[in-house]
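Visitor: I would like to learn how to read this model. Please take me through it step by step.

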Amino acid sequence: MRRITRIATVGIASAALALSATACGGKKSSDASASPSESGQKSAAIAYDIGGRGDQSFNDAAYAGLKKAETDLKIKGAEAEPTDGEGEADKVQRLTELARKGNNPVIGVGFAYAPAIKKVAPKFPKTTFGIIDDTSVTGENIANLVFNEEQGSYLAGVAAAKASKTGTVGFIGGVEVPLIKKFEAGFTQGVKDTNPNAKVLSQYLTQPPNFDGFAKPDLGKAAAQGQLDAGADVVYAAAGLAGSGAIEAASAKGKWAIGVDSDQYNQAGLAKYKDSILTSVTKDVSDSVFNLIKSVEDGKPTIGEIRYGLDKDGVGLADSNPKYKEMADVIAAVEKAKADIIAKKITVKTAP
């Protein structure tokens, strides 16, 4: 797979990464219509969220969808990485370069790309832009790939409450934004509906505009250690790359961790901690990316809100850990909760 930097252009070395957004100007005609990729092969691109590829979670799930498109659809994939402390202009530059090179679709991985897509998409009307986890920006060539994270998190809450021996569990959010509050709300509701006497310890790693809570494992590790010391024996972190630190902390204490976004039990980078990963709340980011790319390749680009919930297996709870599969009472409770949510017998909150 072709891997490019956040503003890489043909013939420009990595030393030019500080190139400003103004360098994009001057080609108004090319802004209106994407040209074919240099090789003539159809191509699609994803621009990663904070933490980049290798986070064993959200970004890696998007990468899996792009990789599947390369294999199944015979397209060329392009990737663009974020940088620490970047601003909106950097994202605008990144998306502009990806679109100008002829990639179609161009997908922003994460809600942070909303302002940039709002600016860039109108300049490339023949290019489809996808954005994951956001519905605030819309347009005739914009696809909003969104999920019912609260539903999957509810199931995690049920599992945590059933598996806990202390009656105390923990939730760690990367950054206190509405999206992550959906995870907290669903998890807490699932715990309390299963065991009204259970205690949920909740903590956010950073506050916006500081998004380090999605990128720094040491923050997740410290937060998890604090919750474990306070009696929690199951910790659920919705914190991207920082969540790997929480998993490490739970493993060191011989307690349970619950992963997020990807089935983290199967992530190679977390292999040494896998026995402590009870389950993971999964979001089918991979399929959402692949499906959007395929719609473009089929000549019928999908636009507007595309929602993935429990009813379409767009979110769920992984069962890869053999120890989890042995917990018949946990699995039964989770399956009942899933059926009740799909049947609308349970309405899951989207805010704490």
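Visitor: How many salt bridges does the structure hold?

Guide: Side chains of opposite charge can pair when their charged atoms come close. A salt bridge here is a side-chain nitrogen of Lys or Arg within 4 Å of a carboxyl oxygen of Asp or Glu. The structure holds 19 of them. This is a predicted model: local features need pLDDT of at least 70, side-chain atom pairs count only at pLDDT 80 or more, and totals for chains, interfaces and linings use all residues. Residues are numbered from 1 along each chain as its sequence is written, and side-chain values use heavy atoms, with hydrogens and water left out.

Visitor: Which residue forms a salt bridge with Asp 72?

Guide: Lys 68 does, with the closest N and O atoms 2.9 Å apart. Both residues lie in helix H2 (residues 58-73), 4 residues apart, about one turn of the helix. Helices (H or I, at least four residues) are DSSP runs, numbered from the N terminus.

Visitor: Why does Asp 72 count as partly exposed?

Guide: Buried means under 20% relative accessible area, exposed over 50%, and partly exposed in between (1.4 Å probe, protein chains only). Asp 72 counts as partly exposed because its relative accessibility is 43%. Lys 68 is at 34%, so Lys 68 counts as partly exposed too.

Visitor: Where do Lys 221 and Glu 248 lie?

Guide: First, the contact. Their side chains meet in a salt bridge, 3.2 Å from N to O. Lys 221 sits in helix H7 (residues 217-229) and Glu 248 in helix H8 (residues 243-252). The two are 27 residues apart, so the pair links distant parts of the chain.

Visitor: Are Lys 182 and Glu 150 buried or exposed?

Guide: Both are buried. They form a salt bridge, with the closest N and O atoms 3.7 Å apart. This pair also links distant parts of the chain: Lys 182 is in helix H6 (residues 178-194), Glu 150 in helix H5 (residues 149-163), 32 residues apart.

Visitor: What is the volume of the largest pocket?

Guide: Rolling a probe the size of a water molecule over the atoms shows where empty space is left. On a 1 Å grid over the protein atoms alone, a pocket is an open set of points where a 1.4 Å probe fits, with protein on both sides within 12 Å along at least five of seven lines. The largest pocket has a volume of about 380 Å³. Lining residues have an atom within 4 Å of a point. Of the 18 here, the closest to the centre are Ile 50, Thr 83, Gly 85, Glu 86 and Phe 211.

Notes. Points joined across faces, edges and corners; volume = space filled by probe spheres on them.
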